[in-house]
Amino acid sequence: MRQIKTLMVAALTLVMGIMMTSCLNSEGGESMYDGAFLAKVVSAGGLYGGAIFEDAGGNRYEASYKSVTQLETGGYSFTGVEVAYIYFKFSVDELGNQITPPQQNATTPQTYQIELVAIQTAPTTDAERVETATQLKDNEYETSPIGISQMMGNDNNYVRFDFYDESMIYTYLQWFLTNGQEEFKKHNIRLVYAYDEITAGSTELRFYLCHSNGGDEGTGAMYQNWYCFKVSNALADFERITGHQPSTVKISLYEDISSMGAMPSSRTDYTINYKAN
């Protein structure tokens, strides 16, 4: 079954109070959680409360009403959340036995009962289309660099980004800013494609990962998080023009390789093969 594998774990504490909502407790030497992964939010709240998550392999994780309520009481809101990084423990019965033990050798998607112990929203947006790449400069889309972490991809290879499913890209990013909520709101992370770069003979779909600082050029704080980008619109444009799906997908960005917040003079490119499920 398909699973997301990474070398990174989302930071437990982030700058400016923008942090994971957590009920983690390691008293008595007990493990704080049984598992953690980037999950799609299928549903949350409603008539019966609780929440349902799904991983990249189609497994469903049903979080108890109690555990979800605890996080919401702590200030977390599921409103508008499509993807999140979750930490969980498997639910147990009155004897302490896991109600739905993990099935390591399962060949079909499973459903698990869990207690949600921490959650962090992964910003999820649609890829944006521009007619030509010159608009990136004209519209000041790339005014600050971005750090992009190496992770283990779906093919057990080291990559900077990968596909969560056939139409959504995920990656782990870091960027600098002036510490403060108002300064944070000035920043915008976009994934953009230039329509005129797709021609009848194209085999590669290119995206630009852009960081607009909105006038905040501070480097006193660093924000780190998972980001997801839905690219079905770009894939549809590519297939309409070329008659086929892309063989490769490239992300081009002004990468903060030094982790100092300095804008490089040229972009860095990362490419992976595209495989529709």
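I'll start with the open sheet: five strands, in the order β8-β14-β15-β17-β18, with mixed pairing. Its edge strands are β8 (128–130) and β18 (268–273), each of which pairs on one side only. From one strand to the next, the twist averages 30 degrees.

Before going on, what you are looking at is a predicted model, in which local features need pLDDT of at least 70 and side-chain atom pairs count only at pLDDT 80 or more, while totals for chains, interfaces and linings use all residues. Residues are numbered from 1 along each chain as its sequence is written, and side-chain values use heavy atoms, with hydrogens and water left out.

Some terms. Helices (H or I, at least four residues) and strands (E, at least two) are DSSP runs, numbered from the N terminus. Two strands pair if DSSP finds at least two bridges between them. Angles run from 0 to 180 degrees between N-to-C directions, and axes are lines fitted to C-alpha atoms, for helices over the stretch in contact (heavy atoms within 4.5 Å).

Back to the sheet. Strand β17 (residues 248–253) runs antiparallel to β18, and six bridges join them. Ile 251 stands opposite Tyr 270 in β18. Helix α4 (residues 232–242) lies across β8, β14 (188–194) and β15 (204–212), at about 145 degrees to β15.

Now strand β16, residues 221–230. Seven of its ten residues are buried, that is, under 20% relative accessible area with a 1.4 Å probe, protein chains only; exposed is over 50%, and partly exposed lies in between. Which strands pair with β16? One is β7 (residues 124–126), parallel, over three bridges; there Thr 124 stands opposite Cys 228. Another is β13 (residues 168–177), antiparallel, joined to β16 by ten bridges. Ile 169 has Phe 229 as its bridge partner in β16.

Next, helix α1, residues 65–73. Ser 67, Val 68 and Leu 71 are buried here. Seen down the axis of α1, the buried residues fall within an arc of 100 degrees, so they line one face of the helix; the arc is that of the directions from the helix axis to the C-beta atoms. The face turned away from that buried side carries exposed Tyr 65, Lys 66 and Thr 73. After α1 comes Gly 75, with a positive phi near 115 degrees.

Last, the whole protein. There are four helices and 18 strands. Of the 277 residues, 46% are buried. Among contacts with a separation of 6 or more, 73% are between residues 24 or more positions apart.
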